[in-house]
Amino acid sequence: MAWTGVVIDAPLDMLDFYLVDLEGFCRVLAPPSIAKRGLAEPVHGWGSMGIATADALGYLTKRDSAVKPGLFELGVCAYGPAAPDAVAALAAQVRRWREAKESVTGIRIEVYPSGLGLPDVSEAIMSVHKRHSRVVVWPETTTNS
């Protein structure tokens with residue numbers, strides 16, 4: 001378990017795009033009774049985003065922010081032999097999302113047929129290889145003019 005220091009002060013827009021790049025990205029469904037019994041505090045009413053691998057199950061959680069009353073801080077829980085790695089990977093992506101969210105105003109999605117040359121994707125939010133194509137999600141950023 002680790003707290004990220006990321007306070008949710010706006011919708012979690014585009015957080016999925018930062019997490020989907022992780023091995024085993026999934027949605028961990030949790031009924032409301034989980035939170036009522038104090039077992040976990042899912043980020044959403046349906047559950048949380050997370051990762052599931054052969055050696056770990058990790059997911060996002062939340063708690064009341066000590067710094068900003070009325071808001072929540074994102075945290076990460078994980079179980080299994082590779083739990084520390086899962087916590088580190090999820091927390092790093094949450095922090096990456098936080099750093100980018102103030103400058104990213106939207107996204108642009110491009111799809112390239114397989115076998116075509118691609119532009120440099122190092123600045124992309126994600127790049128996914130599919131059987132017949134490659135999907136690249138680019139951040140649309142604000143400019144400081």
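Predicted model: local features only at pLDDT ≥ 70, side-chain atom pairs only at ≥ 80, totals over all residues.
At 4% relative accessibility, Ala-91 counts as buried, where buried means under 20% relative accessible area, exposed means over 50%, and partly exposed lies in between, with a 1.4 Å probe and protein chains only.

Residues are numbered from 1 along each chain as its sequence is written, and side-chain values use heavy atoms, with hydrogens and water left out.

## The chain as a whole

The secondary structure comes to three helices and eight strands, and these follow the pattern β-α-β-α-β-β-β-α-β-β-β when the chain is read along the sequence. Helices (H or I, at least four residues) and strands (E, at least two) are DSSP runs that are numbered from the N terminus. The C-alpha trace spans about 50 × 45 × 25 Å along its principal axes, and of the 145 residues of the chain, 39% count as buried.

Ala-35 is found in helix H2 and is partly exposed, with a relative accessible area of 27%; its C-alpha atom is separated by 25 Å from that of Ala-92, which is 57 residues away along the chain. His-44 has its place in the loop between helix H2 (32-36) and strand E3 (47-52), and at 26% relative accessibility it counts as partly exposed. From His-44 to Trp-138 the distance is 25 Å, C-alpha to C-alpha, and these two residues are 94 residues apart in sequence.

## Aromatic rings

A pair of aromatic rings is described by the distance of the centres and the angle of the planes. Rings of Phe, Tyr and Trp (its six-membered ring) pair if their centres lie within 6.5 Å, and planes under 30 degrees apart count as stacked, over 60 as edge-to-face and the rest as tilted. By this rule the count comes to one aromatic pair. The rings of Tyr-59 and Tyr-79 have their centres 6.3 Å apart and their planes at 25°, so the pair is stacked. Because Tyr-59 lies in strand E4 (residues 57-64) and Tyr-79 in strand E5 (residues 72-79), the pair ties together parts that are 20 residues apart in sequence. Tyr-59 counts as buried at 11% relative accessibility, whereas Tyr-79, at 47%, counts as partly exposed.

A ring also takes part in another kind of contact, in which the charged end of Lys-62 sits over the ring of Phe-72, 4.3 Å from its centre. A charge sits over a ring if NZ of Lys or CZ of Arg is within 6 Å of the ring centre and within 35 degrees of the ring normal.

## Cysteines

The structure holds zero disulfides, a disulfide being a pair of cysteine sulfur atoms within 2.5 Å. The sulfur of Cys-77 is 14 Å from the closest cysteine sulfur, in Cys-26, which is too far for a bond. Cys-77 is buried, with a relative accessible area of 11%.

## The largest pocket

On a 1 Å grid over the protein atoms alone, a pocket is an open set of points where a 1.4 Å probe fits, with protein on both sides within 12 Å along at least five of seven lines, and lining residues have an atom within 4 Å of a point. The largest pocket has a volume of about 160 Å³, a volume being the space filled by probe spheres set on the points, which are joined across faces, edges and corners. Among its lining residues are Leu-22, Glu-23, Ile-51 and Thr-53, and the largest share of the lining, three residues, comes from helix H3 (residues 83-101).
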